[in-house]
Amino acid sequence: MIQIAFYDAKAYDKPSFEKYGAEQGVCFRFLETKLNEDTVELARDCQGVCVFVNDTVSAPVIERLYELGVRLIALRSAGYNNVDLSAAFGKIHVVHVPAYSPYAVAEHAMALLLTSVRRIHKAYNRTREFNFSLSGLTGFDLHGKTVGVIGTGKIGRIFVDICRGFGMKVLAYDAFPAKDSGIEYVSLEELFESSHIISLHCPLTEDTRHMINAAAIEKMRKGVVIINTSRGALVDTEALLKGIKARKVGAACLDVYEEEGDIFFEDRSGHILNDEQLARLISMPNVIVTSHQAFLTEEALNNIAQTTVNNIVTCLNGDGVCQNELCYHCGNIQSCKKERKEKCF
Ligand code: NAI
């Protein structure tokens, strides 16, 4: 049996991971705590750890995991900005789930947009109190509006298709534009200036951190709707709040938040929220916050568990070659050809 310490386990993770694990001889030690320097010891006697987006897989954590004999970090997410890949190089293999349901995330982005522009969140609360007034619920048609999509990978391209179905004009920006995709690529500046709605679907990197900042918001149309289902730190929250207060930003739909790490995924009702920025955001009538739930569909959970178990078995049994290994040694993860037989080291 392969033993894996499963950090930040939630009730919705267990059924699918237990099912696929049992089929392939992988036993998960479910831990409610997140992985960090204080909790790394809980991985003792395990061959691998399974982590999610808010676990801290920093250089000291990796070093200690290595000392404990852990040989695999299996991310059950697509994004891997929380893992210090250079620290893992040569010591611990890192695998992820590159795609599990891009539809789940793209559809959630559209759900947030529709909720916001048609004021569904307000109408829902009103009718529950038998308030049938329409005052203040005027929305706008999406048909004919311009949407700017930043990042046209798996999720971004599905979002593009959904928007086209609504009769929207789509502009896109990507550092690596997809050839022959029929997508109209423009500069980031033009996208900011022309879009009624901007949706973020690129990864968090040093280049993209705070790409939505005060200077970017300054260039945007008055009343722009900003959707972020990607990673919180793509948006400078302080600048967003200023943009909303100045009535420049018409609405924000946020599934992710830059300081979400200790807050999201937990029931904090009945507690004082110690994050002033998040409290201010949630108090705004034109801001919708969901707590990193865009991925959360049955299809996605099944695919995540199945792929993660396959990644673990392929890496720890057999010859260790795994298609979903995150390659650091080539220097450029986006274009890595995995020349060393698909292995990092
Ligand atoms: P992907 O790798 O298929 O696509 C990312 C795209 O971003 C690529 O086309 C890439 O060329 C582009 N890109 C890279 N650097 C860029 C830059 N500097 N500027 C503009 N574009 C750039 O990834 P996928 O599967 O579409 O996921 C996108 C993001 O969605 C992930 O990185 C992750 O952060 C987020 N995500 C959020 C989830 C949620 O539950 N809220 C679930 C899954 C992913």
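## Basis of the model

The structure is predicted, with local features requiring pLDDT of at least 70 and side-chain atom pairs counted only at pLDDT 80 or more, whereas totals for chains, interfaces and linings use all residues. Residues are numbered from 1 along each chain as its sequence is written, and side-chain values rest on heavy atoms, with hydrogens and water left out.

## Domains and their contact

The domain assignment, whose bounds come from an automatic or database source, gives domain 1 as 2-100 + 298-340 and domain 2 as 102-289. The contact (heavy atoms within 4.5 Å) takes 13 residues from domain 1 and 10 residues from domain 2, while the centres of the two domains, taken over C-alpha atoms, are 30 Å apart.

Between them, domain 1 and domain 2 bury about 1,000 Å², of which 57% lies on carbon and sulfur atoms; buried area here is the accessible area (1.4 Å probe) that two parts lose on being put together, summed over both.

## Polar and charged pairs between the domains

There are 2 salt bridges between domain 1 and domain 2, a salt bridge being a side-chain nitrogen of Lys or Arg within 4 Å of a carboxyl oxygen of Asp or Glu. Lys 34 forms a salt bridge with Glu 266, and their closest N and O atoms are 3.6 Å apart.

## Ligand surroundings

The ligand is surrounded by 22 residues (a heavy atom within 4 Å), of which the closest are Tyr 100, Lys 154, Ile 155, Asp 174 and Thr 229. An oxygen atom of the ligand is 2.6 Å from an N or O atom in the side chain of Asp 174, and a nitrogen atom of the ligand is 2.9 Å from a polar backbone atom of Thr 229. Taken alone, the ligand exposes 860 Å², and the protein buries 89% of that, with accessible areas computed by the Shrake-Rupley method with a 1.4 Å probe.

Methods
Polar contact = N/O pair within 3.5 Å; in protein donor to acceptor, adjacent residues only side chain to side chain.
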